[in-house]
Amino acid sequence: MREYLKFYIDGQWVDPIGSGTVDLVNPATEEISGKIALGSEADVDKAVKAARAAFASYSQTSREERLALLKAIKSEYEKRLPELAEAITEEMGAPASLASGFHTFLGTGHLDTAIAVLEKFVFEERQGDTLIVKEPIGVCGLITPWNWPINQVTVKVFPALAAGCTVVLKPPQLAAYSAQILAEILDAAGVPKGVFNMVQGKGSVIGSALSTHPDVDMISFTGSESVGVQISKDAADTVKRVCLELGGKSPYILLDDDGLTERVAAATSGMMVNSGQTCSAGSRLIVPQARMAEAKAAAAQAAEAVTVGNPAGNAAMGPVVSEDQFDTVQAYIKQGIDEGAELVAGGPGLPEGLDKGYYVKPTVFATTNDKVVAREEIFGPVLVMIGYNDLEDAVAIANDTDFGLAGYVDGNDQDKCHEIARKIRAGAIYVNGGFDFNAPFGGYKRSGNGREWGEHGFAEYLETKAIVG
Ligand code: NDP
């Protein structure tokens, strides 16, 4: 049983001012795995004061000093990788291989990227009679979700620290353990007091106190659209910068090429990674209508091949994060059936052989783009296949969505894929499996604003000053 009952404020582990704790449940066993303290507005105020006080000196540190700090963090982060992976599996149910693989690797990648960007970033530039200076924006409130917990925290904390900002992190209750270990890593690395602070607790209390706080200069949030809207409203009175990374219903276009079967299979198993709880998941697979029968057969085979079970063992897919998330995903599956979408694989209820844990069957529907299952973010292992007549139709289907976080195009002709990528209205289009830590990540339309990852993510934490004359 884990017990994390202190907050990290001003370089120390301190008792909460607010009272109360919450038990956390292991989604694989439905048993209580530990508890965390629930903070109050007073805890947030204390953390913001510490961050404000530290900003005066930390914002003046040199590039070399911050590089040395990030390298010290890297050495501590690497020592704690196995513990981080174990915490991720326990808190949100990611299979051990995924937690010790991609989950923690993303943290390393964001750290390496923050170091590389800081090494070469141009903070000052003369344009005519004006000196343009980039400065850290100030105290940043960072509010993160549970789905890729270490990725979400590190993609904000590392560039913020690299830029010279001080931060107050509010991690999700559902993934509090890995955040606690990250705070221990930063403490061990010698982050100066007040530069990094962490308060655990309810979003409606801690997140809201950060969003409304007059001494917080910027909020960076990743999570649901409804909370993103609420944060924007809460932050409006104090005119702070708000960066939002929200949901998606990303299109995955497959060209009518040789290898379609293999590509359908890869896209289907890709959808099931992390139990489908990925904001940029390619959840709408757009395939040539004339080859729909072949595509459905390949998707069914791939979905049925995904082993579901104990994430601490060898299963490829663990549970979804919580009972609420399980109920939401089940309701969508039922709705898909009720609205007439063809069930290609999976369906409602627990996978065969499992009677405990929030496990969902890897599910595939074939339907049209007007159905609720094709329009709303399900955030579970549910893929929707949609047929297209020609490439113009494929692009129209891809863009017929409220979201615009990501898109995928796979085919034999890279130029043709790029031509289609240019026509999709979304923040990042991945062509034939592309992946890059320097690629900016963020949404068009209702998927948010601002960009994370790489130099663009670093720049989010900077203000621009003109010194004229
Ligand atoms: P939320 O948006 O509710 O939570 C994300 C973070 O915001 C958590 O730390 C949460 O705290 C916090 N929060 C909640 N309410 C407020 C508030 N009023 N002000 C400030 N912060 C707040 O996401 P959920 O975890 O509830 O997931 C719900 C749905 O959101 C998912 O089904 C999925 O569709 C989508 N989602 C999208 C993600 C993405 O990456 N784009 C990631 C996660 C979810 P706490 O939960 O601790 O109370």
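Let me start at the ligand: a backbone N or O atom of G203 sits 2.8 Å from one of the ligand's oxygen atoms. That is a polar contact, meaning a pair of N or O atoms within 3.5 Å. Keep in mind that this is a predicted model, where local features need pLDDT of at least 70, side-chain atom pairs count only at pLDDT 80 or more, and totals for chains, interfaces and linings use all residues. Residues are numbered from 1 along each chain as its sequence is written, and side-chain values use heavy atoms, with hydrogens and water left out.

The side chain of W146 puts an N or O atom 2.4 Å from a ligand oxygen atom. For G223, a backbone N or O atom lies 3.4 Å from a ligand nitrogen atom. Taken alone, the ligand exposes 860 Å², and the protein buries 83% of that. Those areas are Shrake-Rupley values with a 1.4 Å probe. Which residues come nearest?

Next, rings. Rings of Phe, Tyr and Trp (its six-membered ring) pair if their centres lie within 6.5 Å; planes under 30 degrees apart are stacked, over 60 edge-to-face, and the rest tilted. That rule gives 17 aromatic pairs. Take Y4 and Y177: edge-to-face, 5.7 Å centre to centre, 65° between the planes. Y4 is in strand β1 and Y177 in helix α6, so the pair ties together parts 173 residues apart in sequence. Helices (H or I, at least four residues) and strands (E, at least two) are DSSP runs, numbered from the N terminus. Y4 and Y177 are both buried. Buried means under 20% relative accessible area, exposed over 50%, partly exposed in between, with a 1.4 Å probe and protein chains only.

Now F435 and W453. Their ring centres are 5.9 Å apart and their planes at 80°, so this pair is edge-to-face. Is F435 buried or partly exposed? At 43% relative accessibility, F435 counts as partly exposed. W453, at 11%, counts as buried. Ring pairs link both into a cluster with F102, F105, W148, F437 and F441.

On to charges. A salt bridge is a side-chain nitrogen of Lys or Arg within 4 Å of a carboxyl oxygen of Asp or Glu. The whole structure has 22 of them. E78 bridges to K74, with the closest N and O atoms 3.6 Å apart. The two are four residues apart in helix α2, so about one helical turn separates them. E342 and K296 meet at 2.9 Å, N to O. Here strand β15 holds E342 and helix α10 holds K296, so the bridge ties together parts 46 residues apart in sequence. R375 and D400 form another salt bridge, at 3.0 Å between the closest N and O atoms. There is also a network: R52, D215 and D217 are linked by salt bridges.

Last, the backbone. Most residues other than glycine have a negative phi. D10 is not a glycine, yet has a positive phi of about 55°. Where is D10 found? In the loop between β2 and β3. N432 also has a positive phi, near 45°. N432 lies in the loop between β19 and β20. At 31% relative accessibility, N432 counts as partly exposed.

How values were computed. A polar contact is a pair of N or O atoms within 3.5 Å; within protein, one must be able to donate a hydrogen and the other to accept it, and residues adjacent in sequence count only if both atoms are side-chain atoms.
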